[in-house]
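The sequence and structure come first.

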Amino acid sequence: MESQPEHTVWVNGTATSSGPGMSVAELVREMSDRQTGIAVAVNQSVLTRDEWAATILTAGDRVEIVGAVQGG
Amino acid sequence: MDDPFELGGRTYSSRLIMGTGGSANLEVMEEALIASGTQLTTVAMRRLGTGHEGSVLDVLKKHGIEILPNTAGCHTAAEAVLTARLAREALGTDLIKVEVVADDHLLLPDPVELLDAVDILVADGFTVLPYTNDDPILARRLEQAGCAAVMPLAAPIGSALGIRNPHNIALIVEGANVPVIVDAGLGTASDAALAMELGCAAVMLATPVTRAEKPALMAAAMRDAVSAGRNALLAGRVPRRWHAALASSPVTGLPTF
């Protein structure tokens, strides 16, 4: 993982080169039609929905985007 | 409501918390949830892109069933805390079922990591419902840490072995000032009834319903068993008589032959 190019943003464990410069809000729209029931953590810090638009991804960021599934 | 179940400042009429895990599809899950009469159900948090995210929420919203997110799959306190915070943000609830398992073979709770996670989540304002071993001392520690309930296992998750140590469950109930909810390991309706007869405030289950041959029918059986067990507890059972019988017919006025 550390040998990836330095412009890499990691989204749900996968390297992506389109990430840097993009906002979290844009990334969520790209990944899901659904905008509710979703949460995002960047570098293990959970964002509130209000912070999505103003949070711009930079190289090396590790993003987790999750939603609810059947379980438990 | 005659006999309300109070949990974390909320009130429910149903004492059966049914999970959504293990259903063959959403239609089967929906039928089972309705048949169970549950008002609170668990969901797990997973990465987007797995193809299943979200749609379960539509079913729960349609029927007004409250969501209890869990931290299933977490092995450390840090993972559980992050998952809980993601769930709170995604689902807008402070309820969290904290699962921190020691390994993926037995899925037994890791008590040290669990207690660490609970401390952080209580301080962070969550209403914490910990999935725990059937250990009366750990249950006491979890209550002291500020949990809104304690949820001891009947047996390992999905094992369907029923309540392996009823005495420990009874000791946990005896010592607790918060609701005790038996969670995991139940197999069939009599297991749920026994949990309630032991004084548990509620029962949480998924596998015995969702993986039954007829999930909706088993859900109804569980609903009735929880109700029957609760009523039996409230009714006050007769004491066990190990060394003598007690006739239920008059012992006088017997004809002689």
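Helices (H or I, at least four residues) and strands (E, at least two) are DSSP runs, numbered from the N terminus.

## Basis

This is a predicted model, in which local features need pLDDT of at least 70 and side-chain atom pairs count only at pLDDT 80 or more, while totals for chains, interfaces and linings use all residues. Residues are numbered from 1 along each chain as its sequence is written, chains are lettered from A and ligands numbered from 1 in the order in which they are written, and side-chain values use heavy atoms, with hydrogens and water left out.

## B:T132

B:T132 lies in strand β7 (residues 127-132) of chain B. Its relative accessible area is 0%, so B:T132 is classed as buried (under 20% relative accessible area; exposed is over 50%, partly exposed in between; 1.4 Å probe, protein chains only).

Contact means heavy atoms within 4.5 Å. Not counting residues up to four places away in sequence, B:T132 touches B:P109, B:L114, B:L138, B:L142, B:M151, B:P152 and B:L153.

## The annotated site, B:K97

An unreviewed UniProt entry carries the annotation "active site" for B:K97. UniProt positions are given in the numbering used here, feature names are shortened, and annotations may be inferred rather than shown by experiment. B:K97 sits in strand β6 (residues 95-98) of chain B and is buried, with a relative accessible area of 4%.

Leaving aside neighbours within four places in sequence, the contacts of B:K97 include B:T42, B:L68, B:P69, B:N70, B:T71, B:L129, B:Y131, B:M151, B:D183 and B:M204. The side chains of B:K97 and B:E99 are joined by a polar contact of 3.5 Å. A polar contact is a pair of N or O atoms within 3.5 Å; within protein, one must be able to donate a hydrogen and the other to accept it, and residues adjacent in sequence count only if both atoms are side-chain atoms.

## Interface of chains A and B

In the interface, 24 residues of chain A are in contact with 30 residues of chain B. The two chains bury about 2200 Å² between them, 61% of it on carbon and sulfur atoms; buried area is the accessible area (1.4 Å probe) that two parts lose on being put together, summed over both.

Between chain A and chain B there are 2 salt bridges (a side-chain nitrogen of Lys or Arg within 4 Å of a carboxyl oxygen of Asp or Glu). B:D58 forms a salt bridge with A:R34, with the closest N and O atoms 2.8 Å apart.
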